[in-house]
2 protein chains.
Amino acid sequence: MAQKSAPDSARRSEKSRRAIYDAALALVAEVGYPKTTIEGIAARAGVGKQTIYRWWSSKADVLLEAFLDLGEQANEQAAAAAAAVGREQPEEDALPDTGDLAADLKFVLRATVDELLDPKFEAPYRALAAEGVADEKVGTEFVARLLEPGLQLYVQRLRAAQEAGDVRPGIDPRIALELFVAPLAQRWLQRSGPITHEYTDTLVDYALHGLAPR
Amino acid sequence: MAQKSAPDSARRSEKSRRAIYDAALALVAEVGYPKTTIEGIAARAGVGKQTIYRWWSSKADVLLEAFLDLGEQANEQAAAAAAAVGREQPEEDALPDTGDLAADLKFVLRATVDELLDPKFEAPYRALAAEGVADEKVGTEFVARLLEPGLQLYVQRLRAAQEAGDVRPGIDPRIALELFVAPLAQRWLQRSGPITHEYTDTLVDYALHGLAPR
C-alpha cells in the first residue's frame, strides 16, 4: 500500500516519543514507580525535560501511554504473525469468535499468560499495578485506561455467547468474566500460585460448567 | 472461666506488643509501606528500637504479625457477638458448615466485604498488599502468612461439599475457590468495581451453577 512519507519534524517527534516510552518502561522496571521521575526518563531518553512536559502532564501519564503503545505493538506483531501463517484474525479490538466459547476464552487467556510471563512486559506492568494498589489516583487511571478496555472485550464476547445460547440469559457479562480473569490477575499480582495454560483452561471449564453437579 | 493472672513482666510485654502493633498499623496506613520504619514505629509506640528488634527481624515481620493479631481480635469479637445472640459458632479456623454450601459461602464473603470496607482494616492492609505486589519477598510472606491460610479454609469447606455431593468430584478445591474469592480480591486491590453483598452473592451463584445453560 502506498503511504505518504511523514514530514521530518513528525518523524523526529515519533522517534522521541518512542525513546521516551522505552526509557519510562525500562526505568520503572528497574527502580520501581516511586523512584521513577520525569527527569530520569528525560535523561535516559536523551531529551529535555520540556519535551516530556509538552506531551504529558505527569509520570503516571507517560507510563500509561507507554503501556498502551506496548499493547498496540504486541497486537501488530500478533496480527503479522497470524497473517504469515494464514490464520484468520479477529477484528481489531475484539476477542476471537469461532462459535466455540470455551476454545476462544482459552486461546485468549493462554496468550495473556504468555504476556504476563514475558519479562519485557512483566516488570513495568507490575510496578504500575503496584502503585495503582497503593495510590487511588494512579489506580483509577490504570483501571480506566488499561484494565477496563480489555475487560470490555470479554463483555462483548460473552454477550455474543448469550445470543448464541451458550451463556444463560440472566447472567451479567461484566461480573461473569471475573470468574476466569480475576483468578489469573490475583495469582499474578499477589504471586499466590503458578500461572500456566493448564490453569487458565481449568478456570474456563469451571466457570462455564460450574462447581455443582449437573 | 477462672484464669491465672499473668506475672507483671508478661503483662508489660503484652502491653508493649499491642502498642507496637497499633503504631505499626497506624503508621503504614498514614505514610505507606516504603516510608514506615522501625524507628518510626518505636517512637509512636513509646518504646525503644531495641524492644522491637528483640521480637521482630524487620518491619515486614512486625506488620504481618500486627495483621495476624488484628485478625485474631476480629475473630474473638465475632465469637463474642455471636455468643451474645445465641448463634452457633463454627470451630475456630473453619468456615461455617450448615450443609448449605451457597449460604455458607455467601455468609463468609459478606463478612469479608464488611472487613475490606472497614477503614481500620483497609488502609494498612492495602499498604501491605501493595508492597507485596511490588516486592517479591514481602509478597511471598504476605501470601504464606496472611492469604493462603485463609484460602485453605475454603479448601476444607469445598472438600466437605464434595463429600456431601454438592461439588463435582473431579474439581480441584484450591482452584475452585478462586472463582469467587479472586474477583472480590481484584475489585478491592485494583478498585476495578464496587464491592457489595449483592456482588459476592452473585459470584457464588455463578461459580456454583456455571455460566452455560444447565
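# A guided tour of a predicted two-chain model

Begin at A:R54 and A:W55: the charged end of A:R54 sits over the ring of A:W55, 5.6 Å from its centre. A charge counts as over a ring if NZ of Lys or CZ of Arg is within 6 Å of the ring centre and within 35 degrees of the ring normal.

Some notes before moving on. This is a predicted model, where local features need pLDDT of at least 70, side-chain atom pairs count only at pLDDT 80 or more, and totals for chains, interfaces and linings use all residues. Residues are numbered from 1 along each chain as its sequence is written, chains are lettered from A and ligands numbered from 1 in the order in which they are written, and side-chain values use heavy atoms, with hydrogens and water left out.

**Stop 1: rings in chain B.** Select B:R17 and B:W55. B:R17 lies over the face of B:W55, at 4.5 Å from the ring centre. Now look for ring pairs. Rings of Phe, Tyr and Trp (its six-membered ring) pair if their centres lie within 6.5 Å; planes under 30 degrees apart are stacked, over 60 edge-to-face, and the rest tilted. Over all chains, the structure holds 16 aromatic pairs. One of them joins B:W55 and B:W56, edge-to-face, with 5.7 Å centre to centre and 80° between the planes. B:W55 is partly exposed, because its relative accessibility is 25%. B:W56 is at 2%, so it counts as buried.

Next, select B:Y125 and B:W188. Their aromatic pair is tilted: 5.2 Å centre to centre, 35° between the planes. B:Y125 lies in helix α6 (residues 119-134) of chain B and B:W188 in helix α9 (residues 178-190) of chain B, so the pair ties together parts 63 residues apart in sequence. Helices (H or I, at least four residues) and strands (E, at least two) are DSSP runs, numbered from the N terminus. B:Y125 is buried at 14% relative accessibility. B:W188 is buried too, at 5%.

**Stop 2: a ring cluster in chain A.** Select A:F67, A:F121, A:Y125, A:F142 and A:W188. Ring pairs link these residues into a cluster. Then show α9 (residues 178-190) of chain A. Here 13 of the 13 residues are buried, so the helix is largely enclosed by the rest of the structure. Just after α9(A), A:R191 takes a positive phi of about 50°.

Stop 3: Go to residues 101-116 of chain B. What packs against the buried residues of α5(B)? They meet α6, α7 (136-163), α9 and α10 (197-209) of chain B. Among the buried residues are B:L101, B:D104, B:L109 and B:L116. At the N-terminal end, B:D100 caps the helix: a side-chain oxygen lies 3.3 Å from the backbone nitrogen of B:A102.

Switch to chain A. A:D104 is found in helix α5 (residues 101-116) of that chain. A:D104 is at 4% relative accessibility and so counts as buried. Leaving out residues up to four places away in sequence, A:D104 touches A:P96, A:D97, A:T98, A:G99 and A:R157. Contact means heavy atoms within 4.5 Å.

**Stop 4: the two chains together.** Show both chains.

Terms used. Buried < 20%, exposed > 50% of the residue type's maximum accessible area, 1.4 Å probe, protein only. Polar contact = N/O pair within 3.5 Å; in protein donor to acceptor, adjacent residues only side chain to side chain.
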